Amino acid sequence: MRAAYFAFDRFPSSKGSAVHIGQMAAELFDRFGGGLLGVLGGGGLPRYQREGDVQIARFDEQIPNLIDRAEAYSHWVARHLAPHLETLELVHVRDPWSALPVLGHRHKVVYEVNGLPSIELPHTWPQAAPATVAKLRRLEAHCLEQANAIVVPSSVIGDAIRKMGINPEKVFLVPNAANPVTPAPTAPTAAPEHYLIYVGALQRWQGVDVLLRAFARLADLTELRLVVCSSVPERRAKPLQRLADRLGVAERIVWRFTLPHDEVAGWLAGAAVSAAPLTACPRNLDQGCAPLKILESMAAGTPVVASDLPAVREILGEDGRLVAPDRPAELARAIRTLLEYPEQARVMAERARGRVPSWADSRARLAEVYRRV
């Protein structure tokens, strides 16, 4: 095999990361005539399968401790890489667990940074020891320094990488994207008549609790509902569901879990407003993000209200309503304004739809990175 793509992410899945992996891996394998895709499995996915010229291998060991699981995955990557070391020309990775075992060989390495574990881990696991986080930071720096090229989905993440002292000449922007849905899908029959929508995962940095508190301030809009299309299983929503009950809005919320990606488009298209209430935490400010939920809302022609963060401004510009993060009252006022002036909201959404980069555009940028290395 001439090419390989490794990611410490489950694929396929309902998460936005799976959409990104599918697009980036497709570009790699189109260029090199197939290759090896190494990802996480579980949930009934086969350990091995072949799709045309692509061999998919899935790591599915059930190891509770995250660091232990990541290290076991790294050894797994090394084992799957070994038979192809004489023929591989390029390996694309998404994380340090994938990067470490592929560095130091004859092939080139493209490291795609969508997030930095040293920043994300303390938010996901608040009890993580500072010494562990420091080790992660050193591991990330080593992998970034050794990679031949670094791909980032937003300028904010690119700036964070450069501040680490990484050579700026090898950092390339390949933005996240969304293809316009044509013809526009209709909302599912189970959808409420009038609703807001949130799409994505439920980590604390996503700010779904802020959205629930904002929604409680819209209690006078008795016909309005909130649809939460979560990319994670229902068990992870229990704390938020308990919060909704305490706020008195539980009966007005429709929960949908791990929907197939093509079904989410219909829910987005039928919504009056799409909300992305990201919090002002280091994960979103220092590292940055490039939320697919915003791009896919824009592509669906749905008005967007989102937190006023640098990475969000980069995507949305002035074609959405930006509000101070972590402020339920301000979020509620912005949503109310969009609902009260639907024509202005529609015009704003149409402008936004016209400036969404397509996956073809992003893949062309990635192809240029491959050509350079």
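Which residues line the largest cavity? Some notes on that and a few other spots, bearing in mind that this is a predicted model.

1. **The cavity.** The lining is made up of V210, P277, S307, V323, A324, P325, D326, R327 and L331. About 40 Å³ of space lies inside this largest cavity, and a search of the whole structure turns up one cavity of 30 Å³ or more. Sorted by class, the lining has six nonpolar residues, one polar and two charged.

2. You'll find D326 in the loop between β14 (321–323) and α13 (328–340). With a relative accessible area of 36%, D326 is partly exposed.

3. **Aromatic pairs, starting with F59 and Y73.** There are seven aromatic pairs in the structure. In the pair F59 and Y73, the ring centres are 5.8 Å apart and the planes sit at 80 degrees, so this one is edge-to-face. F59 belongs to strand β4 (residues 54–59) and Y73 to helix α2 (residues 66–81), so the pair ties together parts that are 14 residues apart in sequence. Both F59 and Y73 are buried.

4. Elsewhere, ring pairs link F8, F59, Y73, W76 and W97 into a cluster.

5. **T258.** T258 is in the loop between β11 (253–257) and α9 (261–270). T258 is another non-glycine residue with a positive phi, near 45 degrees. Its relative accessibility is 40%, so T258 counts as partly exposed.

6. **A cis bond at P12.** The peptide bond from F11 to P12 is cis, with omega near -5 degrees. P12 is in the loop between β1 (3–10) and α1 (16–32). As background for this point and the phi values above, most peptide bonds are trans, and most residues other than glycine have a negative phi.

7. **Helix α4.** Which residues of helix α4 are buried? In this helix (residues 117–124) they are P117, S118, E120 and L121. Looking down the axis of α4, the buried residues fall within an arc of 160 degrees, so they line one face of the helix. Their cover includes α2, α3 (96–102), α5 (130–146) and α10 (282–287).

Conventions
Residues numbered from 1 in each chain as written. Predicted model: local features only at pLDDT ≥ 70, side-chain atom pairs only at ≥ 80, totals over all residues. Heavy atoms only, no water. 1 Å grid on protein atoms, 1.4 Å probe; cavity = no way out; pocket = protein on both sides within 12 Å on 5 of 7 lines; lining within 4 Å. Points joined across faces, edges and corners; volume = space filled by probe spheres on them. Nonpolar A, V, L, I, M, F, W, Y, C, P; charged D, E, K, R; others polar. Phe/Tyr/Trp six-rings, centres within 6.5 Å; stacked < 30°, edge-to-face > 60°. Helix = DSSP H or I, 4+ residues; strand = E, 2+ residues; numbered from the N terminus. Buried < 20%, exposed > 50% of the residue type's maximum accessible area, 1.4 Å probe, protein only. Arc of directions from axis to C-beta. Contact = heavy atoms within 4.5 Å.
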